Amino acid sequence: MTTLLQEILAYNRTFLEKNAFPKEISKYPGKKFALLTCMDTRLTELINKALGIHRGDAKIIQNAGTSLIEDMGETVKSLLLTIYIFDIKEILIVGHYDCGVAQTSSAAILQKMHNRGIADQQIALIEDDFKAWLDTYTDPAQNVLAVVKKLRANPFIPGDISIHGLIIDPHSGKLDLLADGYKDTKG
Ligand SMILES: [Zn+2]
């Protein structure tokens, strides 16, 4: 039986033989924007094609639910890096319809942890975190607007950075604009 890892390594050898990617490309995003979106399986390839993003164009950050819970968590820190080190000028927050995170509760995931043998005293330590994240997340569009608002209020993000909110259909790739960042750019 071939494991996933063997399959990937074997694929990689043939990929290298016929690789058509240019060897040198800048790490500074050509289109000067960062994209925060969900880790949803259906967005792979689709979101790039639907938004016209090519290799070298943008910094892309993906997490579960296009979430931004902590004001200075890794997602925000990554965005700050894109602004201050990689010179991006705009941020696109792109949620998607039918997001699995909106359909998940903290009770469901914590119960599954318990069932898999994770100690209850460990689970108790993260219970509030998971409640604050999953139990308040019911509508992907509202989440996008909340993330835009949170970033706009972040004192470390300069006012001249435009922050846009959009939502994508994970089947068709159709985008709906929720918040036009040019309208409330502070600078
Ligand atoms: Zn999602």
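A salt bridge is a side-chain nitrogen of Lys or Arg within 4 Å of a carboxyl oxygen of Asp or Glu. Keep that in mind for the pair Asp-87 and Lys-32, whose closest N and O atoms are 3.0 Å apart. Please also note that this is a predicted model.

**Salt bridges**

- By the rule above, the count comes to eight salt bridges.
- The bridge between Asp-87 and Lys-32 links distant parts of the chain, 55 residues apart. Asp-87 sits in the loop between H3 and S3, while Lys-32 sits in the loop between helix H1 (4-17) and S1.
- Both partners count as partly exposed: Asp-87 has a relative accessible area of 34%, and Lys-32 is at 33%.
- Arg-42 and Asp-40 also meet through their side chains in a salt bridge, at 2.8 Å from N to O. Here Arg-42 is partly exposed at 29% relative accessibility, whereas Asp-40 is buried at 14%.
- Within helix H5, Glu-127 and Lys-131 lie four residues apart, about one turn of the helix. They form a salt bridge too, with the closest N and O atoms 3.5 Å apart.
- Glu-127 is partly exposed, with a relative accessible area of 31%, and Lys-131 is partly exposed at 37%.

**Zinc site**

- Three residues coordinate the zinc ion at 2.0 to 2.3 Å: Cys-38 through SG, His-96 through NE2 and Cys-99 through SG.
- Along the chain, these donors follow the spacing C-x57-H-x2-C.
- His-96 counts as buried because its relative accessibility is 1%, under the 20% cut-off. Cys-99 is buried as well, at 2%.

**Nonpolar cores**

- The largest nonpolar core has 23 residues, and those with the most contacts inside it are Leu-35, Ile-47, Leu-51, Leu-92 and Val-94.
- Elements giving two or more residues to this core include strand S1 (33-38), helix H2 (46-51), strand S3 (90-96) and helix H5 (120-134).
- A second, separate core of 18 residues includes Leu-36, Leu-68, Ile-88 and Ile-163.
- Leaving aside residues up to four places away in sequence, Leu-51 touches Leu-35, Leu-92, Val-94, Ile-168 and Leu-175.

**Surface patch**

- Leu-81, Tyr-84 and Ile-85 make a nonpolar surface patch of about 320 Å².
- Ile-85 lies in the loop between helix H3 (74-84) and S3, and counts as partly exposed at 47% relative accessibility.

Conventions. Residues are numbered from 1 along each chain as its sequence is written. This is a predicted model: local features need pLDDT of at least 70, side-chain atom pairs count only at pLDDT 80 or more; totals for chains, interfaces and linings use all residues. Side-chain values use heavy atoms; hydrogens and water are left out. Donors are N, O and S atoms within 2.8 Å of the metal (3.2 Å for Na, K and Ca); water is not among the atoms, so sites may look incomplete. Buried means under 20% relative accessible area, exposed over 50%, partly exposed in between (1.4 Å probe, protein chains only). A nonpolar core is a set of buried Ala, Val, Leu, Ile, Met, Phe, Trp, Tyr and Cys residues joined through side-chain atoms within 4.5 Å. Contact means heavy atoms within 4.5 Å. Patches are made of residues with over 30% relative accessible area and no salt bridge: like charges are joined within 9 Å, nonpolar side chains (Val, Leu, Ile, Met, Phe, Trp, Tyr) within 5 Å. Accessible areas come from the Shrake-Rupley method with a 1.4 Å probe; for residues, only the protein chains shown count as cover.
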